[in-house]
Amino acid sequence: MAHLELKDLYDGFRDPKIIEGFAKLIKEEAKKLPKPINIMEVCGGHTHSIMKFGLPQLLPANVNFIHGPGCPVCVMPKERIDHAYILSLQEGVILVTLGDMIKVPGSKGSLQDARAKGADVRFVYSPLDTLKIAEENPEKKVIFFAIGFETTTPMTASLIDIVLKRKIPNIFFHMNHVTVPEVMVELIDSRDEHVDSYNNQIDAFLGPSHVSVITGSKIYEQFPKKYNRPVVVAGFEPVDVMEGIYMIVKQFTENRCELEIEYKRSVSREGNKKAQALIEEYFEKADLFKWRGLGNVPDSGYKLKDEFSAIDAEKIYKDVLPIEEIEDHKLCICGDILRGMAKPDECTIFGTACKPSSPLGSCMVSSEGACAAYYKYGNLL
Amino acid sequence: MQKNVSLAMGNGGLENNELITKVFYKAFKNDILEKSEDAAVIENGKLAFSTDSFTVSPLFFPGGDIGKLAICGTCNDLAMMGAKPKYLTCSVIIEEGFAMRELEKIVHSMQKELKKNGAIIVSGDTKVVPKGSVDKIFINTTGIGTIEQKGISSNNISKEDVILVSRDIGRHGAAIFAAREGIELTSTLESDCASLTEQVEALINAGIKITALRDATRGGVSAVLNEWAKQSNICIEVEEKTLPVSDEVYGICEMLGFEAVNLANEGTFVLAVKKEDAQRALDVLHSFDNSHNAVEIASVSDAYMQKVILKSPHGTKRFLDVPTGELLPRIC
């Protein structure tokens with residue numbers, strides 16, 4: 001068998017000639033569009049690729065991106081960040097989480113600040129690294145602050161699986177896993193009457209890559225059917241994104257509205273059933289989960305099932321964890337930006353009260369958020 | 001400024017600059033310090049003077065150890081001002097219980113590297129502190145060198161210059177991350193940790209008109225280019241396809257979500273030389289093992305002042321920013 005190198009996995013998907021080829025195809029096809037279209041890439045991984053490879057510069061003026069809410073740490077509301085902050089400063093606690101969490105500020109500060117104040121905060125690449133930390137620190141309570149979309153949820157579930165089966169006494173969980181389809185619905189058809197989702201400008205969705213590997217493409221079937229929005233599930237590489245855009249544009253010019261998969265090498269309709277079963281075993285949907293900049297979104301977050309309360313840090317530490325809501329900044333228009341109804345520079349606090357170093361809305365938290373990108377690249381992109 | 005010092009303030013990027021200017025420069029302000037070069041130029045341009053402290057985990061990594069690093073680091077800072085390292089001091093803080101055998105190994109590495117540079121340690125200090133007060137061992141070295149070519153400065157780069165890099169980038173950072181995270185690689189990825197005195201000497205002896213030199217340590221090549229763009233008030237335009245990155249480093253970057261231009265190097269330097277001298281400079285560098293793949297990576301323009309632009313092979317461009325925060329992997 002031929003030896004497979006790591007670079008074989010991405011090399012062809014970054015070929016400048018193929019990228020330029022798709023750019024040409026899109027330009028030609030887009031000439032037939034009756035009106036401009038706005039495509040939301042839901043996932044932060046896509047936003048990262050789009051920015052890194054400068055893809056908007058290759059698209060015609062009538063095909064636009066709306067950067068979605070798909071960066072899991074950016075959408076964590078201050079309340080949840082505060083929980084992490086408070087937990088990390090509890091006596092005898094080691095707080096373990098994934099790296100992206102470090103900089104995100106809550107109302108009291110970020111985990112970086114907590115660490116500078118003496119908290120023991122560890123950042124891991126894989127939730128399973130928590131096992132080693134717990135083993136090396138038997139006298140400490142190790143709390144895994146679980147974040148991420150459907151991609152990382154099964155990893156948390158498998159850590160729980162090991163903790164329970166091996167009866168590891170000192171690992172606990174604070175759950176913040178969120179789900180993709182519910183927030184997509186929130187953007188185009190909010191159940192909150194105070195939210196203007198009716199006027200959203202999202203014409204189509206570029207579906208997430210890794211999330212869809214786990215969930216399968218079936219979770220998007222409602223969008224073309226019920227909401228009249230085409231979805232193309234695409235890979236993260238630039239060729240994938242360009243091909244995905246081309247497929248979306250073609251749907252519009254050919255008057256189709258469907259769910260299609262560009263990322264066929266990894267995504268099936270049913271997804272990873274083993275991972276889905278693990279999730280179902282330990283978690284259930286919370287009625288509401290609050291998103292920074294978007295407010296409470298029904299059924300969009302997971303919590304531990306009641307029978308696992310013994311490892312639920314939110315229950316164990318309920319006396320020190322505040323439950324009061326912290327309002328998003330009144331003038332923050334994140335929700336409108338995510339719905340394509342406003343541009344970042346139309347926000348009155350953009351660049352003044354809200355900056356990458358002191359972000360208020362989710363769009364400014366991530367370097368890939370629409371506001372942060374505008375702030376940083378404003379005169380080039 | 002934040003109330004407490006955070007790890008991000010030591011990253012060689014934005015937060016690090018803020019710490020230096022708002023706390024240290026404010027207190028120590030003087031003309032020499034404010035030039036912000038790799039080494040201070042003193043005694044009417046005759047001597048270069050520099051200091052650096054070293055802490056690395058793991059202490060022994062593929063391609064080097066903290067001892068080699070401690071000598072290379074300071075000698076390279078001197079070399080980057082066109083100086084030949086002469087005298088070093090060495091100060092070591094050791095944690096109680098540290099293995100004697102490892103200490104000897106580290107000192108042996110230092111000795112070997114000093115020889116390569118033709119420099120000697122002329123003064124030293126040792127402190128042993130209780131367990132837990134430091135992470136195993138911290139080493140500080142300070143060095144003086146005689147300047148062989150005057151006028152090298154990151155403040156004078158112009159459109160007459162082109163930017164070269166001495167070898168493939170990001171090796172040290174990638175090797176350290178791989179070692180820390182226990183990533184098993186089929187090929188052997190080694191740190192680029194090396195002394196650069198010989199190469200710089202050869203460039204000077206060949207009569208190359210060197211405008212600026214800087215070793216791309218913390219913050220990597222992108223930090224150097226951004227500092228230069230600011231200090232010389234220019235725009236630097238990098239051709240992405242010319243950036244030399246080995247397959248191993250690229251692979252680590254893909255796995256962990258890094259970019260090679262942001263990763264630390266310990267034996268890789270960036271040069272600004274006059275256009276007409278670029279080929280000769282490359283010829284000189286190519287004669288050394290650890291710069292055999294030196295290459296031109298960027299030109300200077302006035303398109304976006306004080307900014308660095310990365311031009312992709314498929315015709316798009318973006319700003320190449322100074323790394324901020326700690327280097328962290330992406331989660332999705």
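A residue is counted as buried if 20 or more other C-beta atoms lie within 10 Å of its own. By this criterion, 53% of the 381 residues of chain A are buried in the predicted model. The C-alpha trace of chain A spans about 65 × 60 × 35 Å along its principal axes. Its secondary structure consists of 15 helices and 11 strands. The radius of gyration of chain A is 21 Å, close to the 21 Å given by the globule rule for 381 residues, so the chain is as compact as a globular protein of that length. Among the contacts in chain A with a separation of 6 or more, 76% are between residues 24 or more positions apart.

Chain A contains an open sheet of 4 strands, arranged in the order β4-β3-β5-β6 with parallel pairing. The edges of this sheet are formed by β4 (120–124) and β6 (171–177) of chain A, each of which pairs on one side only. From one strand to the next, the twist averages 20°. Strand β3 (residues 93–98) of chain A runs parallel to strand β5 (residues 141–148) of chain A, and 4 bridges join the two. A:V96 has A:F144, in β5(A), as its bridge partner.

Two helices of chain A were examined against this sheet. Helix α3 (residues 78–88) of chain A packs on the sheet and touches β3, β4, β5 and β6 of chain A. The direction of α3 makes about 140° with that of β3(A). Helix α5 (residues 129–136) of chain A also packs on the sheet, where it touches β3, β4, β5 and β6 of chain A. For α5, the direction makes about 165° with that of β5(A).

The contact between the chains takes 36 residues from chain A and 26 residues from chain B. On the side of chain A that touches chain B, at least two residues each are supplied by α1 (16–30), α2 (44–52), α4 (111–116) and α15 (370–377) of chain A. The largest share of this side, 4 residues, comes from α2(A). By class, the side of chain A that touches chain B comprises 18 nonpolar, 11 polar and 7 charged residues.

How values were computed:
Residues are numbered from 1 along each chain as its sequence is written. Chains are lettered from A and ligands numbered from 1 in the order in which they are written. This is a predicted model: local features need pLDDT of at least 70, side-chain atom pairs count only at pLDDT 80 or more; totals for chains, interfaces and linings use all residues. Two residues are in contact if their C-beta atoms, placed from the backbone, lie within 7 Å. Ala, Val, Leu, Ile, Met, Phe, Trp, Tyr, Cys and Pro count as nonpolar, Asp, Glu, Lys and Arg as charged, and the others, Gly among them, as polar. Two strands pair if DSSP finds at least two bridges between them. Axes are lines fitted to C-alpha atoms, for helices over the stretch in contact, and angles run from 0 to 180 degrees between N-to-C directions. The radius of gyration is taken over C-alpha atoms; the globule rule is 2.2 Å times the number of residues to the power 0.38. A residue is buried if 20 or more other C-beta atoms lie within 10 Å of its own, exposed if 12 or fewer, and partly exposed in between; C-beta atoms are placed from the backbone.
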